[in-house]
Amino acid sequence: MSSKPTHRSALHEKDGVSQPNFISKSSVASIKKNRRKQPSVDELVQGILNQDKVALSRAITLVESKNTTHLAKATEIIEQCLPHANKSIRIGITGVPGVGKSTFIEAFGKYLTGLGKKVAVLAVDPSSSISSGSILGDKTRMEDLVKDENAFIRPSASGDSLGGVARKTRETIILCEACGFDTIVIETVGVGQSETAVHSMVDFFLLLKLAGAGDELQGIKRGIIEMADAIVINKADGDNVKRAQMARTEFKRALHLYPQKASEWLPKVVTASALKQKGIDDVWQMIEAFRESTKANNYFETHRKEQNRFWLLQTIEERLKHNFYNNPDVKKQLDSYLNATENSTISPFNAAQQLLKLL
């Protein structure tokens, strides 16, 4: 009687490889020492300008850090990279969970690199409000694009950012552009009115939608449709093709009810299948048409200038908030004012006014 073969779990831990006796301990120590060595600002900037993805990744880590020393270095790196930026098309992509954003972006990215483009994907994962953790699994989902030499994927946690974008996504765009990436794709957490954050840092705002997922016109908020420069009905394959075409017709009718955009661009609705790689070329041709149209009427540059003004004011608010909570006097008295507010011995408004006087 033959015995059945034993199948080990995929989680089974294999035995490691032990170091041979002839490895030099001094060489190992030297390698570990160099790993801990932090490159200077000039080295990182030169690496970025030389299109070194490792230098780009290390610079982005500094930008995302809350450490004050890292902040000073990050600011200097951004200032040196700024003259080499602003030479890309920035595309924001959003949609409800399950709409296929990662699959679409991978198909879209591979199509663009096939055209000779250099694509940077800034994927933002939602952070848990309980544990503050994020999965950051976008590189796993985009397993083909991540291996492409002309692509760069950087997953970041949204943290406490309301708009579904990481705290430092705007600065990261500058670094990616300086590194030679001519197409920047920002994948946001999901849909909602707070998506104005990503809309304020991209040139083209793309909304992915599913057909057959409920009422096509009430399934998302009005604000998102007003911001969208295009709506793509994804997963238009198999038995879903007819439903996708119907959804496309309904959205086209709905878009005619909205006022004309300042860009004078009439939003388009197309169907696509990221899985079957159908309709991807239509999406890119639409984006190219948008860029040509908005550059011809000067909206493209005007819009970017308005975005810079917006992010100046946003950065001021962020720094003021940071300085407030890190002020020594505020730290000493904040708890007492919080307790007083909880016990209704002082109003929240008066407590805030007293704390602000400490600055």
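This is a predicted model: local features need pLDDT of at least 70, side-chain atom pairs count only at pLDDT 80 or more; totals for chains, interfaces and linings use all residues.
Residues are numbered from 1 along each chain as its sequence is written, and side-chain values use heavy atoms, without hydrogens and water. Local features need pLDDT of at least 70 and side-chain atom pairs count only at pLDDT 80 or more, whereas totals for chains, interfaces and linings use all residues.

The second largest pocket has a volume of about 520 Å³. A pocket is an open set of points on a 1 Å grid over the protein atoms alone, with protein on both sides within 12 Å along at least five of seven lines, and lining residues have an atom within 4 Å of a point. Volume is the space filled by probe spheres set on the points, which are joined across faces, edges and corners. The lining of this pocket comprises 18 residues, with Ile78, Glu79, Glu171, Ile174 and Thr315 nearest the centre. At least two lining residues come from each of α4 (68–81), α7 (169–178) and α12; helices are DSSP runs of H or I with at least four residues, strands are runs of E with at least two, and both are numbered from the N terminus.

Two cavities of 30 Å³ or more are present, a cavity being a set of grid points where a 1.4 Å probe fits but cannot get out. The largest cavity holds about 50 Å³ of space. Ten residues line the largest cavity, and Glu64, Leu122, Ser156, Thr169 and Thr172 are the closest to its centre. Two or more lining residues are given by each of α3 (53–64), β2 (119–125), β3 (151–157) and α7; the largest share, three residues, comes from β2.
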